Amino acid sequence: MSKAKVKRSSTSIDMTAMCDVSFLLLSFFVMTSTAKQPEAFPVDAPGAVTTDKLPDSNVGMITVGDGGKVFFGVSDRDVRVKMLEKMSARYSVQFSQEDYEQFSLMENFGVPIKNLRALISLGSSAARNAPGVQPGLPVDSTEALTNELYQWVQVARLSAVEVNKEKEGEKDYVEQGPLKIAIKADANEKYPSISTIIETLRNQKQNKFSFITSLKAN
Amino acid sequence: MAELNQDGGGGKKGGKVRSKKSGGKVDLTAMVDLAFLLITFFMLTTSLNKPNAMDVAMPDKNKMDANDNIEISDTRSITLLLGSDNKISWYYGQLKSPITPPATVDYSTEGIRKVLLTKKQEVPARNGGKDLIVVIRPSDKSTQRNLVDILDEMKIVDVKRYMISKITPEEVEVLERENLYND
C-alpha cells in the first residue's frame, strides 16, 4: 500500500513590497516626530474632550503638581538664554557662558534662582530630574522678587517679544504673536496652588492662558 | 517561518543535477516585523506628544479695589460651588434669597449636565432671550480635575458666558453644611 502524498505548496510570500511600504512609513514617522524631552516633573493632566492642540513653539509652560511644586520652562532656546540674562540682572546672580549654553538645553526647571547654578552644574538631565533635586519655584501672591514665578514669566514674555523682533528681518519670518502661557497641573492638585498661579498671571495682565489636558473618551 | 516547506524531497528524477541558485531570495519576515514595530512606536509617540490645550480667559484684575465685583442679573445666573469628593453644590439667583436653593450634584451626565441643560432652556425664556451666565467658584478643597471637568462641561453644553471667581465665606459655609468641604 502506498501512501497518498499531499502536495504541499510553498507558503512563502514575497515580502519585498510590504517591506518597502513599511520602511517608507517608518522613515516618514522618524522624520516628522520630535523627540520627547525628559520632563523634570511628570504630572498626570486631567482628561477633557477638548482637542485643540498646544503649539510647538512660543509657549511658556508652568507645571504644577505634588502639593504645589511649581516648574517653569519655555519652548524656544533663544528665549531661554535671554530670559536667564534678564533674571541674572534682576537678582544679581552671575552665570558663566557655559551655564547659558547648558540652560538653553533645559526643558524646564524648578529651583530658586540662587540654586540654579548648582542645578545647571549637575550636568546631565538625569541627575537634574532625579526626585528631590528640584524643590519647585517660590510662588506667592505678591509682585515682588520673592515671587520668582512672576519674575520668570515676565522675563519670558519680554524675551519672547525681543527674539521675535530680531527675527523679523529674516526670510520666512512668521509673526508668532506674544508668548502663550500654559498651565499643566496634576489632576489631583488642590485649587489653592492653581489659584496662586492664576493670580500671579493676572497680576501681570496675562489674563489668557491654557490648561493642559489629556484626551478623554466622552 | 515563512518558508515552511522547501522541496519536499523524494521527487528527484533521474540523475539530473540542478545547480541551486544562491541569494535569489532573502527572508524579509524579520525585517518587516521590526519595521512595523518601529512604525507603531513612532506613530504612538508622535500623536501623544502634542498636549491638548484648553484656553481660559480671566477678566482684568482691578488691583486698586479687590471688592470690585461685576453685578449680574439674579435671574440669569447660576453659581456652581466646586466642593470636595467630586461634588458640586449649585444655586440659582443670589445666595441670600436663592430662586433655587443650593443642591448637590456630581459631574456626571445625569448630574451637572442635566442642570445646565435645563437652565440653558429656562433662563432665556424668563429673561426675554438673554442667555445664561454660569459663575464657577472652586473651593480650596476642589482639585484641578474638577475645574477642568466643569470648564469642559461648559464647552459640551455650549454655555457662552461663564466665569471663574473667588468663593465667599458664606458659600464655604454652604459647602460645609452639605459635607462637601473635606480634605
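Predicted model: local features only at pLDDT ≥ 70, side-chain atom pairs only at ≥ 80, totals over all residues.
**Exercise 1. Which residues in α6(A) meet which residues in α7(A), and how are these two helices oriented?**

Residues are numbered from 1 along each chain as its sequence is written, and chains are lettered from A and ligands numbered from 1 in the order in which they are written.

*Solution.* Begin with the contacts, which require C-beta atoms, placed from the backbone, to lie within 7 Å. On the α6(A) side they involve L149(A), Y150(A) and V153(A), and on the α7(A) side I197(A), T200(A), L201(A) and N203(A). Helices here are DSSP runs of H or I with at least four residues, strands are runs of E with at least two, and both are numbered from the N terminus.

Turn next to the geometry. Two packed helices are described by the angle between their axes and the distance between the axes. The axes are lines fitted to C-alpha atoms, for helices over the stretch in contact, with angles from 0 to 180 degrees between N-to-C directions. For α6(A) and helix α7 (residues 191-203) of chain A, the angle is about 45° and the axes are 10 Å apart. The two helices are therefore oblique to each other, given that angles under 35 degrees count as roughly parallel, over 145 as roughly antiparallel, 65 to 115 as roughly perpendicular and the rest as oblique. The crossing is right-handed, a term for the near helix being turned clockwise from the far one by less than a right angle, with anticlockwise giving left-handed.

**Exercise 2. Describe how α2(A) packs against α6(A).**

*Solution.* The axes of helix α2 (residues 77-91) and helix α6 (residues 148-167), both of chain A, come within 8 Å and cross at roughly 130°. That angle makes α2(A) oblique to α6(A), and the crossing is right-handed. The residues making the contact include V79(A), M83(A) and M87(A) of α2(A), and W152(A), V155(A) and V163(A) of α6(A).

**Exercise 3. Is chain A a compact globule or more spread out?**

*Solution.* Start from the fold inventory, in which chain A has 7 helices and 5 strands, running α-β-β-β-α-α-α-α-α-β-α-β from the N terminus. The radius of gyration is 24 Å, well over the 17 Å that the globule rule gives for 218 residues, so chain A is more spread out than a compact globule. That radius is taken over C-alpha atoms, and the rule is 2.2 Å times the number of residues to the power 0.38.

Then check the dimensions: along the principal axes, the C-alpha atoms of chain A fill a box of roughly 100 × 45 × 35 Å. K7(A) lies in the segment before α1 (16-32) of chain A, and its C-alpha atom is separated by 76 Å from that of Q97(A), 90 residues apart along the chain.

Finally, consider burial, where a residue is buried if 20 or more other C-beta atoms, placed from the backbone, lie within 10 Å of its own, exposed if 12 or fewer, and partly exposed in between. K7(A) is exposed, with 6 other C-beta atoms within 10 Å, whereas 37% of the 218 residues of chain A count as buried.

**Exercise 4. What does chain B give to the contact with chain A?**

*Solution.* Chain B has 4 helices and 6 strands, in the pattern α-β-β-β-β-α-β-α-β-α. The contact takes 43 residues from chain B and 50 residues from chain A. On the chain B side, the elements giving two or more residues are α1 (29-49), β1 (52-57) and α3 (144-157), and α1(B) gives the most, with 12 residues.

A UniProt record (unreviewed entry) lists residues 26-44 of chain B as "transmembrane region"; its positions follow the numbering used here, feature names are shortened, and annotations may be inferred rather than shown by experiment. In the model, this span is 84% helix and 0% strand, and its end C-alpha atoms lie 30 Å apart.

**Exercise 5. Where are D85(B) and D158(B) found?**

*Solution.* D85(B) is in the loop between β2 (77-82) and β3 (87-93) of chain B, has phi near 55°, and with 13 C-beta neighbours inside 10 Å counts as partly exposed. D158(B) is in the loop between α3 and β6 (161-164) of chain B, has phi near 65°, and with 9 such neighbours counts as exposed. For context, most residues other than glycine have a negative phi.
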